[in-house]
Amino acid sequence: DYVVISFDAATALHGIRFRVRGNRIKLIAHAQSAPEAGDLLFRLETLGKELGISRGVYLYFTGELAGGGYFECRTADLPRREMADSLVFSAGEHLPKLPDFCRTEFVAGVPADGMVAVKAYAFPAPALEPWNEALTALKWRPDGFIYPLLALPELSPESAVLLPELGNDFFRRNGSWVPAVPEPPECNRELKQYLATFFPEGFGDDAFLGCALVAARVAQRDFAAIRPVMAVFPEALAPRRIRRQLQSTVLLLSLWLAVGLWYMGQAIYTYASARTRLVTSIDDLTSKTMELERKLKSQEKNQKEYKRILELSNGDRDFLGRLALLSGILPDDVLLSNVRAAENAWELTLLTESEELDLGRELRRLAGFKLTGLQQRAMNSSITSITAKLTAVPPAAPEEKK
């Protein structure tokens, strides 16, 4: 069984007890307690007796905590704890005042492109202290606190929602608070249609609307995913059944771990033996491979040398003769400092002190060569360096006699 207890700013209490069967909720009992009936501890104890609260009951609270505030925003899709910390900073941007010792609970939508729409409720941690004291005295262990609007489903934009736990001064419509003056419009019509799908036999009058809303959210299968976010009460008040479940889980995990370690030991021994044999084989193969690679590298080196020798071209057989011709045409004030001769091209470096020398004209006189490039630059105030490129011209083929 489940029990949901709601409270408003004046701590007027309403509660329902129900059972969940599939997607249907059967109301078992409902009760209420006005503030003037006594202090919080006495009224909770009385309400608990009427609802039959015991250790086996799942217990949730809902309402408006003093100093709390609700807001909606879009933020980065983060893990649960990081999201809670991030929403503390977001609360300062969306609420008139950031609660002292701020804590948050939230419901996130479906992520898209790394962002997610979030409904969040921020409240000061000290606001829970009166409830913690009363619950400790009663030895009740609540499962969580759910702000009513966090349980609200997606409604049409024109739908108006006015919950008794949140007061009668404002109603909620299209994601905003709207003043309920001079009179609020017809509220909760669409919400009651939604709740009727869970409570086919009804849930009592409108004073229990917040309880029914949270009950409908608790009854849904995906509630388990957000349950940890709603566990805002101290760990000392956590239900003992959760501790027993944790103890059973730890015991099963220990047994599973012991069996797993035994099998792992067997597998490690088998693996170690096989690994030793494999390492020995690998070392032997590695040694042979290195010897083959050494021989292969030696053969590749020899092959490259043979190929280089085979691809050598004949040099210029008439190099000295051409050099003699070049010496004959160069003026006396020109010094040939460097010659780079390829198969069919020469590159000459010449030095001269003459400023009016037409070296190109002289080089064009060299038989068997064509001047293809000529550059000059001053090395200092008196010496000029000239670089000339000459390309060998093949001799013309002899004409055939007719």
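**Reading a predicted fold, piece by piece**

Modeller: Strands here are DSSP runs (E, at least two residues), helices are H or I runs of at least four, and both are numbered from the N terminus. Two strands count as paired if DSSP finds at least two bridges between them. This is a predicted model, where local features need pLDDT of at least 70, side-chain atom pairs count only at pLDDT 80 or more, and totals for chains, interfaces and linings use all residues. Residues are numbered from 1 along each chain as its sequence is written, and side-chain values use heavy atoms, with hydrogens and water left out.

Biologist: Okay, which residue in β2 does Val4 stand opposite?

Modeller: That's Ile16. β1 and β2 make a hairpin with five residues between them, and Thr11 in the turn has a positive phi of about 60°. Then β2 pairs with strand β3 (residues 24-33), again antiparallel, over nine bridges. Val20 has Ile25 in β3 as its bridge partner. This hairpin has two residues between its strands, and Gly22 takes a positive phi near 65°.

Biologist: How many residues of strand β7 are buried?

Modeller: Buried means under 20% relative accessible area, exposed means over 50%, and partly exposed is in between (1.4 Å probe, protein chains only). Eight of the 10 residues of β7 (residues 115-124) are buried, so this strand is largely enclosed by the rest of the structure. β7 runs antiparallel to strand β5 (residues 69-76), joined by eight bridges, with Phe71 partnered by Ala120. Strand β6 (residues 102-108) also pairs with β7 in the antiparallel sense, over seven bridges, and there Val107 stands opposite Lys119.

Biologist: Which residues touch the most other members in the largest nonpolar core?

Modeller: A nonpolar core is a set of buried Ala, Val, Leu, Ile, Met, Phe, Trp, Tyr and Cys residues joined through side-chain atoms within 4.5 Å. The largest one has 62 residues, and Ile5, Leu44 and Phe61 touch the most other members. Helix α5 (residues 209-218) gives the largest share, eight residues. Apart from that core lies another of 15 residues, including Leu330 and Leu350.

Biologist: And how do I read a helix? Which residues of α8 are buried?

Modeller: Look down its axis. In helix α8 (residues 319-329), the buried ones are Arg322, Leu326 and Ile329. They fall within an arc of 70°, so they line one face of the helix; the arc is that of the directions from the helix axis to the C-beta atoms. On the other side of α8, Leu320 and Gly328 are exposed.

Biologist: Last one: what about charged side chains?

Modeller: Side chains of opposite charge can pair when their charged atoms come close. A salt bridge is a side-chain nitrogen of Lys or Arg within 4 Å of a carboxyl oxygen of Asp or Glu, and a search of the whole structure finds 12 of them. Take Glu362: its side chain meets that of Arg361 (3.4 Å, N to O), and Glu362 also bridges to Arg365, with the closest N and O atoms 2.6 Å apart.

Biologist: Is Glu362 buried or exposed?

Modeller: Glu362 is buried, at 12% relative accessible area. Arg361 is exposed at 52%, and Arg365 counts as exposed at 53%. Elsewhere, salt bridges that share partners join Asp1, Arg17 and Arg19 into one network.
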